[in-house]
Amino acid sequence: MSTRSSRDVLGRGLRVLGQAIRTEPRLFAVGVAGSSLFGLLVIANSYVVGAVIGRVVVPAFSTGSTGAGTLALIAAAFLGLSVLRVASIFGRRLGAGWMQFRLQARYRRAVTRRYLSLPPSWHQRHATGTLLSNANSDVEAAFVPIAPLPFAVGTIVMIFAAVVALFLTDWVLAMVGVTLFPALFGMNVVYSRYMSPRQIKAQQMRAKVSAVAHESFDGALVVKTMGREEDESRRFKVHVDELRDSLIAVGRLRGLFDPLMDSLPSMGTLAVLLLGAWRLQNGAVSVTELVTVSFLFTVLAFPVRAIGWVVGELPRSVAGWERVQAVLSAEGDLAYGSAVPAGTGPATLRFDHVDYAYGDGPLVLNDVSFAVPPGKTVALVGATGSGKSTIASLAVRLVDPDSGRVTLDDAPLPSLSIAGLTGAAALVPQLPFVFDDTVRGNITLERDGVDDEAVWAALRLAQADGFVAKLPDGLDTAVGERGTSLSGGQRQRLTLARALAGRPRLLVLDDATSAVDPRVEAAILASLRGGDADASILVVAYRRATIALADEVVYLEQGKVVATGTHAQLLADHPGYVDLVTAYEKAEAERVEA
C-alpha cells in the first residue's frame with residue numbers, strides 16, 4: 001500500500017462513518033444521546049464523589065460522626081446517578097447495535113442485488129469465494145466501527161465538558177487535561193496510519209482463503225478421485241499461513257498501542273495528584289476540588305478508549321468498504337428497454353452479422369448470421385470452441401454482441417424489457433443447477449401462474465414426470481444441495497422442466513440433455529417438436545439422432561457459419577460436417593460401451 005494511502009486512511013474512514021450516519025441518522029442520534037448523557041453523568045459523578053469526600057468524609061474525621069440524613073442523601077444521589085447511567089448505557093447500546101446490524105443487512109442486500117444485476121462475463125472474472133467474502137466479511141468489516149462510534153462521539157462531548165469543568169475548578173489542573181487529550185488523539189492518528197496496510201492485507205487474505213476453500217469444497221469429487229487431498233491441503237495451508245501472519249501483524253501492533261492508550265490517563269491522574277498536592281498546600285484548591293479532578297481523570301480512561309476503538313478499526317473498515325464499493329460500482333450492466341415482444345406464438349430469432357470476443361481476446365464469433373423461424377427447431381453443430389455456447393448466451397442476452405445485432409420477432413434484444421425478454425425466451429444451460437429446495441420449488445421459482453398443473457405439464461414435456469412421481473413425496477421431495485439426491489440426467493430434465501413451466505416462445509438448449517439416455521433425449525425432442533411446447537427451439541446438438549430431428553442445421557467452424565441446411569444436405573455437401581458428426585457418433589458409441 002502506498003504511503004499516501006496509509007496517511008489518508010483516517011479521512012477515508014471518517015467518510016465511511018459519515019455515509020453510515022447519513023444512512024441511519026435516527027439510530028445514530030439515539031446512540032449519541034445515550035452516550036452523551038453517560039459522559040455528562042461521569043462528570044456529575046466526579047463532582048458528587050468530590051463533594052462527599054470533601055464535605056462529608058473529611059469533616060467526619062474531625063467530628064467523629066455523620067448524620068443519617070446526610071448518608072441518606074448521599075445514597076439517593078448515587079442511586080439516582082446509577083439509574084440514569086443504566087438508562088444512558090441502554091440507549092447507547094440500543095442505538096449503536098441496531099444501527100450496525102441494519103447497515104450490514106442493507107449492504108448485504110445491496111451487494112447481492114448488484115451480483116444479480118451484473119452479467120455472467122463479470123462473474124467469470126471474479127472467484128466465487130471472493131464474492132462470498134464481499135457479501136459477508138467485507139460488509140461486516142466496513143461497519144465494525146459503528147458499534148463504538150456513538151460512545152466515541154459521546155466521549156468527545158464528555159471531554160469538552162470535562163475541560164470546561166477543569167478550567168472552572170483550577171486552570172493549572174486544567175492544563176493537564178489540555179495536554180493529555182490532544183496526545184490521545186495524536187496517538188490514534190499515528191496508530192491508524194501504521195495499522196491501515198496491515199488491516200487491508202488481512203482483509204484481502206480473508207477473501208483469498210474463502211476463495212480457495214470454496215474452490216476446494218466445490219471440487220471435492222475431483223480432489224478425492226484424483227487423490228489430490230494432500231496437495232490441496234498444502235495449497236490451502238499456504239494461504240491460511242499468510243492470513244495468520246497478517247493477523248499476527250495486526251495483533252502485534254494493537255498489543256503495543258493498547259497499553260500506551262491505557263497509560264496516558266493514568267499518567268494524567270498522577271500529574272493531577274502531584275500538581276494538586278502543591279496547589280492544595282498553597283490554598284489554591286480545596287480537598288473537594290482536588291478529589292473531583294483526580295476522580296475525573298481516573299474514570300476518563302475507559303470512555304476515552306472508545307475513541308481508540310473507532311480509530312483502531314478504521315483501517316479494517318476502509319478495506320472492507322472499498323471492497324464492497326468495488327462491487328456496487330462495478331460496470332458492465334446490460335441496459336434494458338421497455339418493449340415487449342409483439343408475437344403470441346413461437347418466436348423468430350435472428351442473428352445479423354454478429355461478432356463477439358471475450359474481453360480483449362480474439363473473436364469467438366465472426367460475422368454470424370442465421371435465423372430460427374417460428375415453430376422450427378434449429379441445431380447448432382460445431383467442434384469444441386466453435387462458439388455454440390456463446391451463441392446460446394447471446395440468444396437470451398446474457399451478453400451483448402460487439403457488433404451486429406440479435407432480434408426476437410424483429411425487435412433488437414436491448415430494446416426489450418427484462419420481463420419481456422425472460423418471459424419470451426428461456427435458456428437451459430450445459431450444467432444444470434438445482435436449488436436446495438423441493439421439486440416444486442425448483443420448477444416454479446415462485447413465478448405467478450405456475451401452478452401444479454403447469455408443473456406436471458412441464459415435467460411430462462421434459463420426460464421427468466415418471467421419476468418425480470416415484471419420489472417419496474412427489475413434488476414436495478427435497479432434492480438436496482445442487483440436487484445431490486438426483487442423477488445427472490434427472491437434474492437436466494428438472495432444469496428443462498423449469499424452463500418449460502414458464503411457457504417460453506423461444507427455447508434455447510445448450511447441450512441440455514447430454515446426461516440423458518439417447519432414447520429419452522429423442523422422446524424429449526419429439527415432444528418439443530410436436531408442438532406441445534409451442535416454442536421455437538435453438539439446440540446445441542452433438543448426437544446424430546438429435547441433429548437429424550432438427551428442421552435446419554447451422555454448421556460452425558472457428559466462430560463462423562460455414563453452412564446451413566438440413567442434416568441430409570450437409571452430409572452430402574460438406575466433408576468437414578460428415579467428419580464431425582461421425583466423430584460424435586463414434587465417441588457416443590464408445591461411451592455407451594464403457
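Thr390 touches Tyr356, Tyr358, Val364 and Leu365, leaving aside residues up to four places away in sequence. The model is predicted. Thr390 lies in helix H12, which covers residues 388-395. Its relative accessible area is 5%. Thr390 is therefore classed as buried, since the cut-off for that class is under 20%.

Strand pairing was examined next. Strand S3 spans residues 377-382, and strand S9 spans residues 552-557. The two strands pair in the parallel sense, over five bridges. Within this pairing, Gly382 has Leu556 of S9 as its bridge partner. S9 also pairs with strand S10, residues 560-565. Here the strands run antiparallel, and five bridges join them. S9 and S10 form a hairpin, with two residues between the strands. Gln558 sits in the turn and has a positive phi of about 50°.

A nonpolar patch was found on the surface. Phe167, Trp171, Met175 and Val178 form this patch. Together these residues have about 390 Å² of accessible area. Helix H8, residues 171-218, supplies the largest share of the patch, with three residues. Met175 is found in H8. The relative accessibility of Met175 is 37%, so this residue counts as partly exposed. That class lies between the cut-offs of 20% and 50%.

Technical notes. Residues are numbered from 1 along each chain as its sequence is written. This is a predicted model: local features need pLDDT of at least 70, side-chain atom pairs count only at pLDDT 80 or more; totals for chains, interfaces and linings use all residues. Side-chain values use heavy atoms; hydrogens and water are left out. Patches are made of residues with over 30% relative accessible area and no salt bridge: like charges are joined within 9 Å, nonpolar side chains (Val, Leu, Ile, Met, Phe, Trp, Tyr) within 5 Å. Accessible areas come from the Shrake-Rupley method with a 1.4 Å probe; for residues, only the protein chains shown count as cover. A salt bridge is a side-chain nitrogen of Lys or Arg within 4 Å of a carboxyl oxygen of Asp or Glu. Helices (H or I, at least four residues) and strands (E, at least two) are DSSP runs, numbered from the N terminus. Buried means under 20% relative accessible area, exposed over 50%, partly exposed in between (1.4 Å probe, protein chains only). Contact means heavy atoms within 4.5 Å. Two strands pair if DSSP finds at least two bridges between them.
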